[in-house]
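I opened my notebook to look up a few things in a protein model. Come along and check each entry against the picture.

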Amino acid sequence: MDVDMRNKELIAELAKRTGWASKEVSGLLLEFTSLIGSRLMDNDTVYLQGLGQFEVRKKAERISVNPANGKRYLVPPKLVPVFKPGTTLKNRLKTLEGNE
């Protein structure tokens, strides 16, 4: 997987755009991710207008096969965090696709 922007680069870019110190931006991002994480732990949905929606979904139990030995085993159900992009973000990406 090719990652174009890492955490340090995001912090530096936000600091440049806002005029804040990198430490302030880093603290804000830490609080932001902590807040979203705690809301998801409470099974709440977080919607950010223009960006999208963070929510928790339940993955059903399923049967999986180990390719090395062919054994089948049951994978129990689990909760997973999901991001669903909003309409604004989807439309921006569509205009990018058209320019390529």
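Below are my entries, grouped by place in the chain.

**Ground rules.** I am working with a predicted model, in which local features need pLDDT of at least 70 and side-chain atom pairs count only at pLDDT 80 or more, while totals for chains, interfaces and linings use all residues. I number residues from 1 along each chain as its sequence is written, and side-chain values use heavy atoms, with hydrogens and water left out.

**Helix α1.** I looked up residues 7-18, helix α1, and found twelve residues reaching 16 Å from the first C-alpha to the last, close to the 16 Å expected at 1.5 Å a residue. (The expected span is 1.5 Å times one less than the number of residues; helices are DSSP runs of H or I with at least four residues, strands are runs of E with at least two, and both are numbered from the N terminus.) Just after α1, I noted G19 with a positive phi of about 80 degrees.

**N43.** Next I went to the loop between α2 (22-41) and β1 (46-48), where N43 sits. I found a positive phi of about 65 degrees at N43, although it is not a glycine. I remembered that most residues other than glycine have a negative phi. Is N43 buried or exposed? I read a relative accessible area of 55%, so N43 is exposed (buried means under 20%, exposed over 50%, partly exposed in between, with a 1.4 Å probe and protein chains only).

**The β3-β4 hairpin.** I traced β3 (residues 62-65) and β4 (residues 72-75), which pair in the antiparallel sense over four bridges (two strands pair if DSSP finds at least two bridges between them). Six residues lie between the two strands of this hairpin, and G70 in the turn has a positive phi of about 75 degrees. V65 has R72 in β4 as its bridge partner. I wrote down R72 as exposed, at 61% relative accessibility.

**Aromatic rings.** How many aromatic pairs does a search of the whole structure find? I got one. The ring centres of F54 and F83 are 4.9 Å apart and their planes are at 50 degrees, so I call the pair tilted (centres must lie within 6.5 Å; planes under 30 degrees apart count as stacked, over 60 as edge-to-face, the rest as tilted). The pair links distant parts of the chain, with F54 in strand β2 (residues 52-59) and F83 in strand β5 (residues 78-85), 29 residues apart. I also noted that F83 is partly exposed, at 34% relative accessible area.

Methods
Phe/Tyr/Trp six-rings, centres within 6.5 Å; stacked < 30°, edge-to-face > 60°.
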